[in-house]
Amino acid sequence: MDILERALEFEQEKRKSLSTSDRVKISREAKSLILGLNEIYKKNKDQSIMDTMKRLTAIKRKIEKRLHGKHLLTGI
């Protein structure tokens with residue numbers, strides 16, 4: 001369960017004043033961890049693994065929202 005330990009460490013990391021490249025790295029790492037945990041979850045159906053995936057997904061969405069920026073309405 002090495003990937004589960006990495007996921008828990010990933011959650012605890014501080015994320016302030018990130019550059020764009022840092023955000024891309026974090027997003028990719030989160031995706032990798034989520035996919036790895038998903039493979040384990042398919043076999044075990046352990047609810048704690050699902051909860052961890054949900055928390056990582058929330059972190060990933062927050063980073064990607066900042067990475068992509070807010071889309072402005074056009075034509076106004």
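Start by selecting Lys42 and Glu39: both sit in helix 2, 3 residues apart, or about one turn of the helix. (Helices are DSSP runs of H or I with at least four residues, strands are E runs with at least two, and numbering goes from the N terminus.) Lys42 makes a salt bridge with Glu39, with the closest N and O atoms 3.4 Å apart; the term asks for a side-chain nitrogen of Lys or Arg within 4 Å of a carboxyl oxygen of Asp or Glu. Lys42 is partly exposed at 48% relative accessibility, and Glu39 is partly exposed at 43%. Here buried means under 20% relative accessible area, exposed over 50%, and partly exposed in between, with a 1.4 Å probe and protein chains only.

A word on what you're looking at: this is a predicted model, where local features need pLDDT of at least 70, side-chain atom pairs count only at pLDDT 80 or more, and totals for chains, interfaces and linings use all residues. Residues are numbered from 1 along each chain as its sequence is written, and side-chain values use heavy atoms, leaving out hydrogens and water.

Next, pick Lys60 and Glu64 in helix 3, 4 residues apart and so separated by about one helical turn. Their salt bridge has its closest N and O atoms 2.9 Å apart. Lys60 is buried at 18%, while Glu64 is partly exposed at 22%.

Now jump to Arg55 and Glu11, whose side chains meet in a salt bridge at 2.6 Å, N to O. This pair ties together distant parts of the chain, with Arg55 in helix 3 (residues 47–68) and Glu11 in helix 1, 44 residues apart. Glu11 is buried at 17%; Arg55 is partly exposed at 37%. The salt bridge count comes to 3.

Last, zoom out to the whole chain. There are 3 helices and 0 strands, running α-α-α from the N terminus. Of the 76 residues, 30% count as buried. Among contacts with a separation of 6 or more, 65% come from residues 24 or more positions apart.

Notes: Contact means heavy atoms within 4.5 Å.
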